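Thanks for making the time this morning.

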Amino acid sequence: MAGADGCRDGWVVARRHVDTGEHRVQVVATLAEALDGDPAVLAVDVPIGLPRRAEPGGREADRAARRLLGWPRSASVFSPPSRDALAAKTHAEASTRNRASGPDAPGLSVQAFHLFAKIREADALVTPARQRGDGPTRIVEAHPEVIFAQMNGGTALVASKASREGREARVALLGVHGVADPLAHARACRGRATADDVLDALACAWTAERIRRGAALCLPADPETDPRGLRMEIWA
């Protein structure tokens, strides 16, 4: 099983051994490298499945994730671009294309535009077959804050992951759910990825294992598909 989260040097990949539960974390340059070893499931913190028409609040998966999290963690769920906007080369062009995708379509934030490279990378790698699991590795979208809420009995964490209290809470939850010394993995990746990136990747690996066992949460339960046939869903 594996989980991946974008970082400065590429992607943090956390691999969870099915039999022993042990974890191995590394930073790789490309998302394709996360498929090395053919993990049964790869859960990635990046949007998979982009709508033809952008709507206020994003996809139903994004709205469902925000409802589950409530304020203030709902702010961690951003609305991905329309499929046409992803081809834009500048923030201004991306916003224009997004607005043109539908009658109520909003513009795009600079923060969302800065994620385009990671979204494009995932979009080039994931096919409907891979998303279904027809192949060595099933690739799905996950969201760390929704995952931590599931680890916490369905209740979202109040403190931000950027705060000391928030980081300690996330480290504690990972420990309860089988990750020995999460911060040791973060220290091993220092300089290439932040501690938050590593904790998020470890959380995604936990969800990958839950998907393998048929125990994971899918938002929404009956997802729509995008123009490429990709399901627009978030797993936790």
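Predicted model: local features only at pLDDT ≥ 70, side-chain atom pairs only at ≥ 80, totals over all residues.

**Cavity, pockets, cores and backbone**

Let me begin with the largest cavity, whose lining consists of Arg59, Glu60, Ala61, Pro220, Glu224 and Met232. Sorted by class, its lining has three nonpolar residues, three charged residues and no polar ones.

Two of those names, Glu224 and Met232, come back when we turn to the second largest pocket, where they lie nearest the centre together with Pro51, Arg53 and Glu55, out of 13 lining residues. That pocket has a volume of about 220 Å³, and its lining divides into eight charged, three nonpolar and two polar residues.

The largest pocket, for its part, comes to about 970 Å³. It is lined by 42 residues, and the ones closest to its centre are Asp45, Ser76, Phe78, Gln111 and Leu115. Which elements give two or more residues to that lining? They are strand 1, at 2–7, helix 3, at 110–114, helix 6, at 144–151, and helix 9, at 195–213. By class, the lining of the largest pocket is made up of 18 nonpolar, 13 charged and eleven polar residues.

Just after helix 9 comes glycine 214, which takes a positive phi of about 75°.

That brings me to the packing. As a general point, in soluble globular proteins nonpolar side chains tend to be buried together. In this model the largest nonpolar core has 45 residues, among which Val12, Ile147, Leu174 and Val198 touch the most other members. Helix 9 gives the most to this core, contributing eleven residues. There is also a second, separate core of 27 residues, including Leu31, Leu86, Ala88 and Ile139.

If we leave out residues up to four places away in sequence, valine 12 touches Gly3, Ala4, Asp5, Cys7, Val25, Gln26, Val27, Ala193, Asp197, Val198 and Ala201. Leaving out residues up to four places away in sequence, the contacts of valine 13 include Ala2, Arg24, Val28 and Ala34. Valine 13 and isoleucine 147 are 134 residues apart along the chain, while their C-alpha atoms are separated by 16 Å.

Serine 74 lies in the loop between helix 1, at 60–69, and helix 2, at 91–100, and it counts as buried because its relative accessibility is 12%. Apart from neighbours within four places in sequence, serine 74 is in contact with Arg66 and Leu69.

Another cis peptide bond, with an omega of about -10°, joins leucine 219 and proline 220. Proline 220, which we met in the lining of the largest cavity, is placed in the loop between strand 6, at 218–219, and strand 7, at 234–235.

Two aspartates also call for comment. Aspartate 38 has a phi near 50°, a positive value in a residue other than glycine; its place is the loop between strand 3, at 23–28, and strand 4, at 41–45, and at 49% relative accessible area it is partly exposed. Aspartate 181, although not a glycine, has a positive phi of about 50°; it is found in the loop between helix 7, at 164–176, and helix 8, at 182–188, and with a relative accessible area of 45% it is partly exposed.

Key. Residues numbered from 1 in each chain as written. Heavy atoms only, no water. 1 Å grid on protein atoms, 1.4 Å probe; cavity = no way out; pocket = protein on both sides within 12 Å on 5 of 7 lines; lining within 4 Å. Points joined across faces, edges and corners; volume = space filled by probe spheres on them. Helix = DSSP H or I, 4+ residues; strand = E, 2+ residues; numbered from the N terminus. Nonpolar A, V, L, I, M, F, W, Y, C, P; charged D, E, K, R; others polar. Core = buried A, V, L, I, M, F, W, Y, C linked by side-chain atoms within 4.5 Å. Buried < 20%, exposed > 50% of the residue type's maximum accessible area, 1.4 Å probe, protein only. Contact = heavy atoms within 4.5 Å.
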